[in-house]
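Me: I'd like to learn how to read a protein model, one feature at a time. Could you walk me through this one?

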Amino acid sequence: MDGLDPTSEGKEPPLGLSPTEWKYYEFVKSHEKGVGLSEHPADMDISEAHLSMNSLLKKSALEIITLNGETLLRAIDLNIAEKAGKLNEEGRLVFNAIRAAGNTGIWTKDLKKKTNLHMIVVNRALKALEQKHEIKAIKHVKYPTRKIYMLFNLTPSSEVTGGACLKVACLKYITARSFPRLESVRDATFGTDHEHYPTSSEVRRFITESRISSIELSVKDITSLLDVLVYDGSIEKKLPYAVGMEDFSDDEDTEDASIQWCYKAVRKVNTRLPSAAWTELPCGRCPVYSACTDEGIISPSKCEYFNMWFDW
């Protein structure tokens, strides 16, 4: 219906708009950043445009914004405008202020300033909107004591949930579970039969118990985050030690959903050699590189990987 006059097809404009109001609304909507107060469609005179503008503002189909010091009109989704139109004056002010905040939400004190309403009136409007499932209260990771509100159907931004903090927390937890804590042995590693690398479920439990995130995260959400760390090269994905390779298929469509992958942190190796050249050598990927000496139990002369590499 965008860009078309519904009356030309025998349909009524939405939200009870008149044909003139609909034409003006579509004109404003076609300009994503907004239009000036004096702008109007070429085939509409200034008086019709002002009447339509005032009517649409009352119906919450338009909003007035300031961008780079210029006052502009911007169209609002008509489904949201219809919800706002059913509210009383105070409820509409609160609802529109929360809507304008988007997925970052708005603090109750900022809401009071923006609406210029008494806090008792704001709280009453918030309670009514929450009961109708039009808005929801969330916790901000940086300001856990503040009550932040946003529209009910929106997903909080990473700034609110602490996406970056969450990523760092997951990596720290996995790193702590990936290597032995032995002060006498530098860069110690677990054996190949180690079974206690964390799964996505364990990482989720850590995040939940630590209250790092302000929203409820599923195992699927955590797995997606861990996949990002895998792609970054910060961690690696491992099959549980108890799972035999004969029981596992590389075909993702036939993969056993009951098998939970484990995750192990990747230890960074400091070297002056170019990374591409260094990773070609067995030493470049050796987990016990720092314990390798000429006369030690682990030495280049006894390294079976070196012999395999020379033979190849």
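Reply: Happy to; we will go through confidence, salt bridges and a sheet in turn. Keep in mind that this is a predicted model.

Me: Let's begin with confidence. What is the mean pLDDT of the protein, and where is confidence lowest and highest?

Reply: The mean pLDDT is 81, and 81% of the residues reach 70 or more. Confidence is lowest in helix α11 (residues 275-278), with a mean of 52. At the other end is helix α6 (residues 119-131), where confidence is highest, at 94.

Me: Now salt bridges. How many are there?

Reply: The general idea first: side chains of opposite charge can pair when their charged atoms come close. In this model the count comes to nine salt bridges. One of them joins the side chains of lysine 59 and glutamate 21, at 3.2 Å from N to O. Lysine 59 lies in the loop between α2 (46-58) and β2 (62-67), and glutamate 21 in helix α1 (residues 19-29), so the pair ties together parts that are 38 residues apart in sequence.

Me: Is glutamate 21 buried or exposed, and what about lysine 59?

Reply: Glutamate 21 has a relative accessible area of 10%, so it counts as buried, the cut-off being under 20%. Lysine 59 is partly exposed, at 26%.

Me: Which residue forms a salt bridge with glutamate 63?

Reply: Arginine 99 does, and the closest N and O atoms are 2.8 Å apart. This pair links distant parts of the chain: glutamate 63 sits in strand β2 and arginine 99 in helix α4 (residues 89-101), 36 residues apart. Glutamate 63 is buried, at 11% relative accessibility, and arginine 99 is buried too, at 14%. There is also a network of salt bridges here, linking Glu63, Arg74 and Arg99.

Me: What does lysine 237 pair with?

Reply: Lysine 237 forms a salt bridge with aspartate 227, with 3.9 Å between the closest N and O atoms. Here strand β7 (residues 235-238) holds the lysine and helix α10 (residues 219-232) the aspartate, ten residues apart. Lysine 237 is partly exposed, with a relative accessible area of 37%.

Me: Last, the sheet. In what order do the three strands run?

Reply: To read a sheet, follow the strands from neighbour to neighbour. This open sheet has the order β4-β6-β5, with antiparallel pairing. β4 (106-107) and β5 (135-138) each have a single partner strand, so one side of each is left without a neighbour in the sheet. β4 pairs with strand β6 (residues 148-151) over two bridges, and isoleucine 106 has tyrosine 149 in β6 as its bridge partner.

How values were computed
Residues numbered from 1 in each chain as written. Predicted model: local features only at pLDDT ≥ 70, side-chain atom pairs only at ≥ 80, totals over all residues. Heavy atoms only, no water. pLDDT = per-residue confidence, 0-100. Helix = DSSP H or I, 4+ residues; strand = E, 2+ residues; numbered from the N terminus. Salt bridge = Lys/Arg side-chain N within 4 Å of Asp/Glu carboxyl O. Buried < 20%, exposed > 50% of the residue type's maximum accessible area, 1.4 Å probe, protein only. Pairing = 2+ DSSP bridges.
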